[in-house]
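Here is a short briefing to read alongside the model. Please keep the sequence and the 3D view open as you go.

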Amino acid sequence: MQAMLIDSHCHLNYPGLVEDEDGVVERARAAGVSAMISISTREREWDDVIAGAERHADVFATVGIHPHEADQHPDIDTAKLVDRAQHPKVVGIGETGLDYFYDKSDRNQQRKSFYAHISASRQTGLPLIVHTRDAEDDTIDMLRQGSRDGAFPMVIHCFTGSRRLAEACLDLGAYISLSGIVTFKNARELQETARIIPTDRLLIETDSPFLAPVPMRGKVCEPAYVAHTASFLAKLRETDVQELAATTASNARKLFTRLSA
Ligand SMILES: [Zn+2]
Ligand SMILES: [Zn+2]
């Protein structure tokens, strides 16, 4: 495949990938991946994730605090995020959001952190990378309220929510990113939703090292595997895989404007 796929969400600094960073990046290139966005989840990762982006022309970074980590970052504020986002290879704010499934952090603290990220996205113009699980109403409320206070670009990453959530987020201008989960046999409902996402709002990702798509399920996931998710989605959406790769990559470049800077 020509180099046009973009993995919009991976964790290159996580165990499973970090031990063989150069190999992971080379295999992604060989699979046609032209850019990988390495997402941070804790403040102490920011230096590492940015350093990884400095080592490879096609790797990019983000700054953010995962909702699981909100309790560990009681003093996270917008200014800190905005400051680190000045680095030219930082292309987005996140991942942030709400996770009421695992409830690893206090919900109020999750919302407070989410709000700080929304403001940072608005101030920098860099897209907000939203993680949301079992928290649809609060996610919609916060994104709507945030948008009323001033527009900001966003992506709902590793989308697994309801059709209602997809539609509410699309109404706010969000992009929707699908991971290997959509290839799983038991993901019927998600596959139905995946069919109706407008072509110009669709992104793809691995969320590696997690969630390896079929036929790699059970293995350590890596950015190269985004090609499997692309093939699956092309079939599901009755389009050509080259076409799907090209449109999702062009969408990613539109959203993550610093990828092309
Ligand atoms: Zn996530
Ligand atoms: Zn992630």
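Beyond its neighbours within four places in sequence, Arg29 is in contact with His56 and Asp58, where contact means heavy atoms within 4.5 Å. Please bear in mind that this is a predicted model, in which local features need pLDDT of at least 70, side-chain atom pairs count only at pLDDT 80 or more, and totals for chains, interfaces and linings use all residues. Residues are numbered from 1 along each chain as its sequence is written, chains are lettered from A and ligands numbered from 1 in the order in which they are written, and side-chain values use heavy atoms, with hydrogens and water left out.

**Arg29 and helix 1**

- Arg29 sits in helix 1; helices (H or I, at least four residues) and strands (E, at least two) are DSSP runs, numbered from the N terminus.
- Arg29 counts as partly exposed because its relative accessibility is 37%; buried means under 20% relative accessible area, exposed over 50%, and partly exposed in between (1.4 Å probe, protein chains only).
- Arg29 and Leu5 are 24 residues apart in sequence, and their C-alpha atoms are 9.2 Å apart in space.
- In helix 1 (residues 21-30), the buried residues are Glu21, Gly23, Val24, Val25 and Ala28.
- Those buried residues pack against strand 2 (33-38), helix 2 (46-55) and strand 3 (59-63).
- After helix 1 comes Gly32, with a positive phi near 100 degrees.

- Eight strands form an open sheet in the order 1-2-3-4-5-6-7-8, with parallel pairing; two strands pair if DSSP finds at least two bridges between them.
- Strand 1 (5-10) and strand 8 (202-204) are the edge strands, each pairing on one side only.
- On average, neighbouring strands of this sheet are turned by 30 degrees against each other, direction ignored.
- Strand 4 and strand 5 pair in the parallel sense over five bridges.
- Ile93 has Leu128 of strand 5 as its bridge partner, and Gly97 has His131 of strand 5.
- Five of the six residues of strand 5 are buried, so this strand is mostly covered.
- Helix 8 (residues 226-236) lies across strand 1, strand 2, strand 7 (175-178) and strand 8, and runs at about 115 degrees to strand 1; angles run from 0 to 180 degrees between N-to-C directions, and axes are lines fitted to C-alpha atoms, for helices over the stretch in contact.

- Glu95 lies in strand 4 (residues 90-99) and His131 in strand 5 (residues 128-133), so the pair ties together parts that are 36 residues apart in sequence.
- Glu95 also coordinates the zinc ion (ligand 2), and the two zinc ions are 3.5 Å apart.
- Both Glu95 and His131 are buried.

**Helix 4 against helix 5**

- Helix 4 (residues 107-124) and helix 5 (residues 136-148) pack at an angle of about 35 degrees, and their axes are 11 Å apart.
- The contact is made by Arg111, Phe114, Tyr115, Ile118 and Arg122 of helix 4, together with Asp138, Met142, Leu143 and Gly146 of helix 5.

Technical notes:
Donors are N, O and S atoms within 2.8 Å of the metal (3.2 Å for Na, K and Ca); water is not among the atoms, so sites may look incomplete.
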